[in-house]
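Me: I would like to learn how to read a protein model feature by feature. Please give me the general idea each time, then the case at hand.

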Amino acid sequence: MNPATLDVVRSRLAGLGRTWTPADVAAALRDQQIVVSDTLVASTVETLRRGSTGAGELEPLLRTPGVTDVLVNGPQQVFIDRGDGLEPVESVFETDADVRHLAVRLATSVGRRLDDACPTVDARLPDGTRLHAVLSPVAEPGTCISLRIPRQGGMTLDEWVSGGSIAPEMAAVLRALIASKTTFLVSGGTGCGKTTLLASLLSLVPTDERLLIVEDSRELTPDHPHCVRLEARHPNAEGAGAITLTDLVRQALRMRPDRLVLGEVRGAEVTDMMMAMNTGHEGGCGTVHANSAADVPARLEALAALSGLGREACHAQIASAISVVIHLKRTDGQRHVAQVGVLARAPDGLVQTLPALVCGTVPEAQRAARGLGSAMTRPNPVILRTATSRSTDSVTRFAPTQMSVSQGVGWPRLKELIGDAL
């Protein structure tokens with residue numbers, strides 16, 4: 001059915017003033033001089049409902065097993081990610097107006113504004129899906145929609161190991177970090193699994209401890225019985241009612257947290273987080289975007305500058321508040337923990353990241369560890385997906401690839417931090 005006819009049918013049903021039925025759809029079709037059949041009515045009903053509920057035309061993609069992201073670049077380009085990197089799929093849109101209509105409707109469904117005066121939105125849909133949209137002409141080649149689907153049921157650390165994303169040696173160290181209440185950050189690029197790994201680690205926290213999680217958009221879902229989540233709120237159309245991450249961090253400190261968790265360090269709230277970790281709140285953690293573990297101190301310095309914290313004061317806070325960085329990478333579409341580093345002061349007083357454990361191919365790991373320490377070479381299972389492994393029902397092959405976990409110059413300091421927990 002062409003869009004013009006569908007719009008006429010939609011307008012006719014909207015004028016009924018009540019919930020429409022398939023019989024109403026059939027009547028509206030007859031009014032357009034269209035031969036009505038059960039199949040046509042059923043397909044029209046499905047099209048109308050898909051365009052008014054859920055994610056509309058993208059709903060089938062969101063329900064596809066294994067899909068973690070759905071990206072729309074205007075009406076002609078749609079991509080999905082099933083863990084193997086982005087792959088194009090057939091577009092379900094005809095014009096940019098169709099994409100814009102869906103983006104506006106999704107934003108409106110969660111009380112957010114999206115129009116020419118406010119052409120971007122970042123929100124969480126009722127089912128937990130993360131929505132980001134940018135209208136054209138700000139975005140080219142058209143209105144862009146990004147949907148991040150939350151993992152159902154979470155993921156355990158053992159599943160990370162069995163999937164080849166974490167070496168067993170590193171998994172033991174990560175467990176010890178949680179047990180010893182060592183403060184840490186999970187770093188990496190977009191879509192590398194930072195939030196998923198942090199949730200897996202938080203699930204290891206003893207059940208008698210209280211977790212306070214502060215997030216800009218609720219994504220962390222650790223399997224823990226005592227977990228309180230605080231979510232920031234953007235201002236309304238009048239510019240009022242905003243609740244910032246900085247506000248929530250300060251409130252969380254008054255809620256008797258055993259561990260304070262900042263879902264993503266992205267702004268001035270990093271100062272409050274570091275101050276909290278310097279006031280007796282052990283085991284704090286969070287995630288941060290960074291190109292490498294070595295870049296984390298510079299990234300924190302840049303974020304702290306947003307709150308007016310000077311360079312020397314910032315590095316003093318970092319050195320005292322944060323002990324370990326866990327860095328994730330995405331190689332050939334596969335996510336894996338590439339390095340565990342410790343933060344320490346350099347002779348000039350600035351904080352630097354010292355590699356403690358580095359995982360990669362034998363030459364990569366040994367180079368990253370700067371040739372110091374010992375290398376524990378082992379056959380590590382790395383996921384290799386065949387052309388048929390595009391869903392959770394397909395077979396995933398595990399092929400042994402020679403990998404190495406090397407101890408770097410930060411290993412003695414890391415052992416000192418985790419103590420008897422290892």
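Reply: Start with cysteines. A disulfide is a covalent bond between the sulfur atoms of two cysteines. Here the test is a pair of cysteine sulfur atoms within 2.5 Å. The structure holds zero disulfides. This is a predicted model, where local features need pLDDT of at least 70, side-chain atom pairs count only at pLDDT 80 or more, and totals for chains, interfaces and linings use all residues. Residues are numbered from 1 along each chain as its sequence is written, and side-chain values use heavy atoms, with hydrogens and water left out.

Me: Are C118 and C192 buried or exposed?

Reply: C192 has 3%, so it is buried. C118 has 29%, so it counts as partly exposed. Across the protein, buried residues make up 46% of the 422 residues.

Me: How many helices and strands does the protein have?

Reply: Both are DSSP runs, numbered from the N terminus: helices are H or I with at least four residues, strands are E with at least two. The count is 14 helices and 16 strands.

Me: Which residues of helix 2 are buried?

Reply: First the general idea. An α-helix has 3.6 residues a turn, so residues three or four places apart point the same way. In helix 2 (residues 22-31), the buried residues are D24, V25, A26, A28 and L29.

Me: How many residues of helix 8 are buried?

Reply: Seven of the nine in helix 8 (residues 194-202), so this helix is largely enclosed by the rest of the structure. The buried set is K194, L197, L198, A199, S200, L201 and L202.

Me: What does I166 touch?

Reply: Contact means heavy atoms within 4.5 Å. Leaving aside residues up to four places away in sequence, I166 touches L157, W160, V161, A171, L174, L197 and V337. I166 sits in the loop between helix 6 (157-162) and helix 7 (168-179). Its relative accessible area is 0%, so I166 is buried. The C-alpha atoms of I166 and A338 are 8.3 Å apart, although 172 residues separate them along the chain.

Me: At what angle do helix 10 and helix 12 pack?

Reply: Axes are lines fitted to C-alpha atoms, for helices over the stretch in contact, and angles run from 0 to 180 degrees between N-to-C directions. Helix 10 (residues 269-277) and helix 12 (residues 311-321) pack at about 45 degrees, with axes 9 Å apart. That makes helix 10 oblique to helix 12. Angles under 35 degrees count as roughly parallel, over 145 as roughly antiparallel, 65 to 115 as roughly perpendicular, and the rest as oblique.

Me: Where do the backbone torsions deserve a look?

Reply: Most residues other than glycine have a negative phi, and most peptide bonds are trans. A cis peptide bond joins S136 and P137, with omega about 10 degrees. Another cis bond joins E140 and P141, with omega about 25 degrees. P137 lies in the loop between strand 5 (130-134) and strand 6 (144-148), and P141 lies in the loop between strand 5 and strand 6 too.

Me: What is phi of K181 and of R256?

Reply: K181 has a positive phi near 60 degrees. R256 has a positive phi near 55 degrees. K181 is in the loop between helix 7 and strand 7 (184-188). R256 is in the loop between helix 9 (245-252) and strand 10 (259-265). At 56% relative accessibility, R256 counts as exposed.

Key
Buried < 20%, exposed > 50% of the residue type's maximum accessible area, 1.4 Å probe, protein only.
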